[in-house]
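The entries follow in the order in which I looked things up.

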Amino acid sequence: MTSTVDDAIARAHREEWARIVAGLMRRYGDLDLAEEAAAEAFAKAVERWPADGVPPNPGGWITTTAHRTAIDRLRREARRSELHQEALMLHDDSPAESVGAIDDDRLRLVLTCCHPALSMEARVALTLRIVGGLTVAEIARAFLVQETTMGQRISRAKARIKAVRIPYRVPEREDLPSRLDGVLTVLYLIFNEGYLATGEGADPIRRELTGEAIRLTRLVHDLLPDESAERAEASGLLALMLLTEARAGARVSAHGELVRLDEQDRGSWDRALIDEGLALVDELDETSPGRYRLLAAINAVHVSARDARDTDWSRIVALYGRLEQLDPNPIVTLNRAIAVSESDSPEVALALVDGLGDALDGHHAFHATRAELLRRVGRASDALAAYDRAIELAGNTAEVAHLRRRRAQLPTTP
């Protein structure tokens, strides 16, 4: 019985958390109150369901309990502090102002958590807590900070929302592209932290974090209008995540070492995720690509090759060239150089990489890429120094293990 109850509560939490918080936020206009009331409702479920049994409609039970909890809190505050506005709300039997369908509530919640008035760190933490329903402890573990530190970060973000009166609404249509870009950036950062987890003692890949990023991206994608440019870019990000996640099981060896793409067992890739990702890529219009659509197209080339030797590197070089025009930054150029090393020569690629030294000297991927290219052109001593610098800067345990092995395999020089 207890296991069944626990499963029911966990399922209700996953399915209902964001919807309940969004509904409370719409009704009472206070994110703190919404989150606390929802959390208390789930706590009451943990306390009462083992004795009373799981109700026929678990989500409805928790929603009703959360609303009652919020009202009780407002009554106490009204009596204690004479907050007349809240007191009047309690006696107002008129329905809450309509702001659209319930699914739109969740989109408003995502956009509220990702408002540009908040720092990027705050947006990531708040999105995982309020929309994803992760506990503060889970988020702190994911980003390798103390639970108190993460709790303070989330509290400050909620206080900021209240202080600057961030509205709980979808922006005007002309403002949506700029706001959605911030939302997608947050989700991309969450996914990347899970896929290449940083910090001493962290698991190399945090599948629960990548899974949560994919779930939230699906939510945003499904709530955007069909045939819109915003939905197309969300489709690109979702496809990118799916095609990347499909390879996660082959990315780390049994010994905890990163396995390069060309060395991975392609038979162990998740074909269901690949098929779903490729279907999304096929639906996208390449004549007006966005950043995530281009990255998804690049990954589609990789997963479509039956063997690493069959990879269409010239196509990847061309896609990275288009991405450079759209989003010029040294990381994009670094990745294009890697593709150039396969389609042209390591010498040409090394010249491109060396030109990025000023911008990327503190980035481990720059030194790791340079080490591999120096190795291929026969400059073993220079490659050794580049590997040392990459190992010093790398924060992922599996990547460090891989770099150390590659360094140890360098030919001995006099």
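Entry 1, the whole chain. I take buried to mean under 20% relative accessible area, exposed over 50%, and partly exposed in between, with a 1.4 Å probe and protein chains only. By that rule I find that 49% of the 414 residues of the protein count as buried. The model is predicted, so I note that local features need pLDDT of at least 70, side-chain atom pairs count only at pLDDT 80 or more, and totals for chains, interfaces and linings use all residues. Residues are numbered from 1 along each chain as its sequence is written, and side-chain values use heavy atoms, with hydrogens and water left out.

I looked up the secondary structure and found 20 helices and zero strands. Helices (H or I, at least four residues) and strands (E, at least two) are DSSP runs, numbered from the N terminus. For the surface, I noted an accessible area of about 20300 Å², with 48% of it belonging to carbon and sulfur atoms. Such areas come from the Shrake-Rupley method with a 1.4 Å probe; for residues, only the protein chains shown count as cover. Contact means heavy atoms within 4.5 Å. Among the contacts with a separation of 6 or more, 64% are between residues 24 or more positions apart.

I found histidine 115 in the loop between helix 5 (102-113) and helix 6 (120-131). Is histidine 115 buried or exposed? Histidine 115 counts as buried because its relative accessibility is 17%. A polar atom of its side chain lies 2.9 Å from the backbone nitrogen of alanine 117. With neighbours within four places in sequence set aside, histidine 115 is in contact with Arg123, Ile166 and Arg179.

Arginine 165 sits in the loop between helix 8 (147-163) and helix 9 (176-195). I read its phi as near 55 degrees, a positive value in a residue other than glycine. Arginine 165 is exposed, at 72% relative accessible area. Glutamate 227 is in the loop between helix 10 (207-223) and helix 11 (229-245). Its phi is also positive, about 65 degrees, although glutamate 227 is not a glycine. I noted glutamate 227 as exposed, with a relative accessible area of 80%.

Which residues does arginine 207 contact, leaving aside its neighbours within four places in sequence? They are Glu245, Ala248 and Gly249. I also looked up tyrosine 195, twelve residues away along the chain, and found its C-alpha atom 7.3 Å from that of arginine 207.

Conventions:
Polar contact = N/O pair within 3.5 Å; in protein donor to acceptor, adjacent residues only side chain to side chain.
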